[in-house]
Amino acid sequence: IQKILKDGGTVILMSHLGRPKNGPEDKFSLIHLVGHLSSLIGVNVKFASNCVGEVAENAVSALKMGDVLLLENLRFHPEETAGDRSFAKQLSQLGDVYVNDAFGTAHRAHASTTVVADFFSENKLFGYLLAREIESVDKVLNDSQKPVTAVMGGAKVSSKISIISNLINSVDNIIIGGGMSYTFAKAMGGTVGNSLVEDDYLETAKQILTDAESKGVKIHLPEDTIAGDAFDTAANKQTCDTNAIPDGWMGLDIGPKTEVTYDAVLQSSKTILWNGPMGVFEMESFQHGTKAVALSIAKATENGAFSLVGGGDSVAAINKFNLADRVSYVSTGGGALLEYMEGKELPGIKAIRG
């Protein structure tokens, strides 16, 4: 925004807030952003109470050089999420150049994120943030310094299969943590008590281990676990082997031996991708493993590794432990980042590249 203003341009901002279902609703109106946006940009931001039609057109025609106009929530129109072509054309008529800086919605083929680019044959560009997101993920997947380590956490194997399968082609190590590690443990014949397990994915977990081995990729699974007798920060705790969790207990974090092993892998890595926590880090009793891994990644970064943190929970964790400025890049994309890591071409990116 500052770059366009500095170069003598006028800025029209379009965005969405939430998922309004019933047309315009005050709580989803972007008018609530005007004050904060004005203070961030240092310009009194103007507001149009619709993003298309006469209201928007009149607001745009009244703009002078250096003005900033914010349009009302795009999602007040169902045509936005439907990727409606005539709606996208109406949006396109409000400006001369299209800049997409919304990586978080680059995986959606919506009117404002993808279809609108069709009406700007030449004048379509990535914003700085979106360009950096692509550059950072590409650096991990395609242009990385080896060894490359992916740290994959979170509750379910099912939500990470495509990513792990794609990463096996480009990384040297995959560190597994979080709830999904118990599906792997059970697949390998361990007993995991009441831990979260996706029984439908036991064969998939075995296949991932076989595929990784055939490509020379080392998969690191937690050797020990902090287990609780309830899903509660006040639960009784014990440390046990991940393959021998007693009945009535559930694994809720990685254990101390695993922290040491994972730290050694991370310190020997030159490129690191982190997606997903090591345990239930929202509960104080079970956050130690996630914090330890976050600190290990920060330390490796200080020693010259490139680190990319992405996905809602990892970003929440890195912020919770105040380590965001000690890693190389924190992605703003949740679903978009995951789909990009799966090897999918994102519609918002494809639309600009043409």
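Mentor: Start with strand 10, which is mostly covered: five of its five residues are buried. Buried means under 20% relative accessible area, exposed means over 50%, and partly exposed is in between, with a 1.4 Å probe and protein chains only. Helices (H or I, at least four residues) and strands (E, at least two) are DSSP runs, numbered from the N terminus.

Two ground rules come before the details. This is a predicted model, where local features need pLDDT of at least 70 and side-chain atom pairs count only at pLDDT 80 or more, while totals for chains, interfaces and linings use all residues. Residues are numbered from 1 along each chain as its sequence is written, and side-chain values use heavy atoms, with hydrogens and water left out.

Now look at the side chains of the strand. In a regular strand the side chains alternate between the two faces of the sheet. Here Asp224, Ile226 and Gly228 point one way from strand 10. Thr225 and Ala227 point the other way, and all of these residues are buried.

Next come the neighbours. Strands of a sheet pair through backbone hydrogen bonds, either parallel or antiparallel. Strands count as paired here if DSSP finds at least two bridges between them. Three strands form an open sheet in the order 11-10-13, with antiparallel pairing. Strand 11 (237-241) and strand 13 (250-254) stand at the edges. Each has a single partner strand, so one side of each is left without a neighbour in the sheet. From one strand to the next, the twist averages 40°. For that angle, axes are lines fitted to C-alpha atoms (for helices, over the stretch in contact), and angles run from 0 to 180 degrees between N-to-C directions.

Strand 10 (residues 224-228) is joined to strand 13 by four bridges, and the two run antiparallel. On that side, Ile226 has Asp253 as its bridge partner in strand 13. Ala227 has Gly251 as its partner in strand 13. Strand 10 is joined to strand 11 by five bridges, again antiparallel. There, Gly228 has Lys237 of strand 11 as its bridge partner.

Lys237 lies over the face of Phe286, at 5.8 Å from the ring centre. The rule for a charge over a ring is NZ of Lys or CZ of Arg within 6 Å of the ring centre and within 35 degrees of the ring normal.

Now the cysteines. Cys240 is buried, with a relative accessible area of 10%. Cys51 is buried too, at 0% relative accessibility. A disulfide is a pair of cysteine sulfur atoms within 2.5 Å. By that rule the count is zero disulfides.

Turn to ring contacts. The structure holds one aromatic pair. Tyr98 and Phe120 form this pair, stacked at 5.9 Å centre to centre with 25° between the planes. The pair links distant parts of the chain, 22 residues apart: Tyr98 is in strand 4 (residues 98-100) and Phe120 in the loop between strand 4 and strand 5 (124-126). Rings of Phe, Tyr and Trp (its six-membered ring) pair if their centres lie within 6.5 Å; planes under 30 degrees apart are stacked, over 60 edge-to-face, the rest tilted. Tyr98 is buried at 5% relative accessible area. Phe120 is buried at 8%.

Finish with charge pairs. A salt bridge is a side-chain nitrogen of Lys or Arg within 4 Å of a carboxyl oxygen of Asp or Glu. The whole structure has eight salt bridges. One of them joins Arg85 and Asp118, 2.9 Å from N to O. Arg85 lies in helix 5 (residues 85-92) and Asp118 in the loop between strand 4 and strand 5, so the pair ties together parts 33 residues apart in sequence. Arg85 is partly exposed at 46%, and Asp118 is partly exposed at 45%.

Another joins Lys299 and Asp263, with the closest N and O atoms 3.9 Å apart. Lys299 lies in helix 11 (residues 288-302) and Asp263 in helix 10 (residues 256-267), so this pair ties together parts 36 residues apart in sequence. Lys299 is partly exposed, at 39%.

Asp7 also forms a salt bridge with Lys3, at 2.4 Å between the closest N and O atoms. Asp7 is exposed at 52%, whereas Lys3 is partly exposed at 41%.
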